[in-house]
Amino acid sequence: MPPLSRRRHPVPVLVPVLAFAAVAVGLAAALSGAPAGAEGGVAAGVAAGGPRYRDARAPVDERVADLLRRMTLDEKIGQMTQISVGKLQGDCAENGGGESGGGELNERCLAAVLRDRAVGSVLSGGGGGPPVNTPRDWARMVDAVQKYAVGHSRLGVPVLYGVDAVHGHNNVLGATVLPHQIGLAATWDPELVRACAEATARAVAATGVDWTFAPVADLARDRRWGRYYETFGEDPLLAGALAAAAVRGTENAGGAKNVAATVKHFAGYSEPSNGHDRVPADVSPRYLQDTLLAPYKTAVEAGAKTVMVNSGALNGIPVTASRRLLTTVLRERWGFTGVTISDWQDIRALWTTYKVAADYPHAAALAVDAGVDMAMEPYEAGEFADALRTAVRTGLVPGSRIDEAAGRVLRLKFTLGLFERPYVDAERANTEVLGAGRELARRAAAASQVLLRNDKGVLPFGPSVRKIVVTGAHADDLAAQAGGWTVGWQGLPDGVRIPGTTVLEGIRRAAPTGTRVVHAPAPADAVAQARDADATVVVVGERPGAEGGADSPRPELPADQRALVRSLKKTGRPVVVVVLAGRPLVLGDADGTEGLLMSWLPGGEGGHAVADVLFGAVGPSGRLPVSWPRRAGNEPLYYQQLPGTNAGAESGHDVAYDFGDGLSYTAYRVESLALDAPAVPAGADVAMTVRVRDTGPRDGEMIIPVYVSRPVGDVLSPPRRLVAFTKVRLKAGETRSVRLTVPSKVLAVTPGDVDGAGPPRVEPGPYVFGAGARTATLEITGSPGEGARSQGKSVRP
């Protein structure tokens, strides 16, 4: 979200535009009965005997039912519609002069959308915002939109305001830019992910926003795909655990407003058949059920209030029109009761692109009957409303389904407290957003660093390192550290600088007295300077991008960057490569340096984080959440590749660095793995104790993954599969015992033939659990039928 063609306008920076504030204040003052402060919702101070939906003490279901009874069909459809803030700005044109960061709010535009159409939700897509990009002006803009909706809709219903806050409040200039999800995945730390989500939600809430389109629960298994970096990696268990942590952090953050999380993009979005964004996917039912759906399910079970639908088609069906996924799986099997929203213009696409509907009314009927509650129709809310109204009046959509969808949207608004507290104190926004979470950002970025090579103990840099040369295309480049979705949709716009520290700046500040740091941006100068240097740090990587713009048929280090590293290696002096990228890049002859540090897209504090690891202030504890290929062309790539009779070169899981790889400045050993019992019945959880030791010279954080393998089974299983993990801090020489539990559903697989038609179940037989070099064998007893019955519906994806 959204298509490339919709994102061609520049993003404004801080400029002295004063008219917007005047518009916001004027609109606020014009609203009868709407106080200027943060209180003043329609349910505040309702007298006894008033409408039930205005009574904050009434049960939510009663308030929803009462409000629905008072609504016309058009008002209900309005609740099911989300439009871009750009349609409320400028001249109300398609992009409004404001979709990429905006014109002034226009009362004529507000009236057309919020009064006449009773639209229930507004979004700021990547870059969409006020003409002056400060937290205070964001809060003023959102409050002005909210106050207009409350003051001018017939029933005083507030709007939901959504934004893509995917690594901090990343659209807002001055907000702390956190690492992207792929970097957070390398921490293997749910509590750290939760803290980052909390910080983001508090920043979002301070600007009046109550809905964030995160986290992503898709899997990263094809590096060609441009949204690879937005995921929590390739493993369904790890991705699900971290996505669930992000949901909990977002929805329990506190702050000026409650904020709803969105699990996206349900389901199978990350499996485009040729690696390009939104290309249809074809996957087996078993792979879909056992692997792709798993992280979404974990995140939904964490309490996510909303789900965003996959833009693509899956097995020949656009997911926006899939009743099986959106109703049978998501609601009937998983028990999801929240709001499902389409992605960018996807209901219209059923008619215009996918050609599964003859016209817009039939497209609207397909999506709504399948289970979509809200249409993200950023530019033409009126056309969607007209289409859905026609679908209802011609019998394509029953009125009960409209009540159900609109009721879910209203329930979300009541649950978030929008009727009681729709506004924020805009004058507090700068204080609550600017600089907030910076220490957390640095800690998260440092924890995400994955050290992959450390030959001859080149790192950490010690007192004998007196001259460090810093070079490379991204050594002094905040845009490369931040990646896509940073102020602009495709990344930081030219001429815009976010608060932060580049790798060059971080090294300069961290270098001890007496150590000279030489910046040599020109390759020839870098090689000359490196000849008498104690170490050279070369910062390489890829340019920022998002969605289609970041797709890459050959994700590898650019030729000029490879040539620079090759030349530096020839000097015979130590070379440390730092990679700033949203995916592993094939390094070619740039591999084999003394040091290799994968830094991902670490955000504004990434320079400090890299320097913290290079100089040893922080020991590297990150581990790869993905597989790193030897050569380009081996896609998709993931460690759970199933066994086969293939024997060709690189046809197996042939990697340069494996899932879970990463070095430390200390050493660890798993001393024992003990199961609580040698056998358990099918459907029972598996408990174990892992005893670990820090055998090295310093304290550190050890990630403990537990894998399972099957000596024999009815369906193919990978050589190993992650089933549990934890992270523990150990002092030098310390030994500790850690308890881990593997839920039975994690061991379930879909039985049967190639159709993969049945529900998942735990097969009886031997299972080999492994942690480090230690293994333990468990026998699961009972017949397959007993296993399925004992687990019941809970294991169905």
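## How H7 and H8 cross

In this predicted model, helix H7 crosses helix H8 in a right-handed sense. The two helices, of which H7 covers residues 190-206, pack at an angle of about 35°, and their axes lie 7 Å apart.

On the H7 side, the contact is made by Pro190, Val193, Arg194, Ala197, Glu198 and Ala201, while H8 contributes Leu242, Ala245, Ala246, Arg248, Gly249 and Thr250.

## Helix H8 itself

Helix H8 runs through residues 236-251, and its 16 residues reach 22 Å from the first C-alpha to the last, which is close to the 22 Å expected at 1.5 Å a residue. Most of H8 is covered, since 13 of its 16 residues are buried.

## Asn430 in helix H15

Elsewhere in the chain, Asn430 belongs to helix H15, which spans residues 429-433. Asn430 counts as partly exposed because its relative accessibility is 24%, and the range for that class lies between the limits of 20% and 50%.

When neighbours within four places in sequence are left aside, Asn430 is in contact with Thr134, Pro135 and Arg136. The C-alpha atom of Asn430 is separated by 30 Å from that of Thr81, a residue 349 residues away along the chain.

Notes: Residues numbered from 1 in each chain as written. Predicted model: local features only at pLDDT ≥ 70, side-chain atom pairs only at ≥ 80, totals over all residues. Heavy atoms only, no water. Helix = DSSP H or I, 4+ residues; strand = E, 2+ residues; numbered from the N terminus. Expected span 1.5 Å × (residues − 1). Buried < 20%, exposed > 50% of the residue type's maximum accessible area, 1.4 Å probe, protein only. Axes fitted to C-alpha atoms, helices over the stretch in contact; angles between N-to-C directions. Left-handed = near helix turned anticlockwise from the far one by under 90°. Contact = heavy atoms within 4.5 Å.
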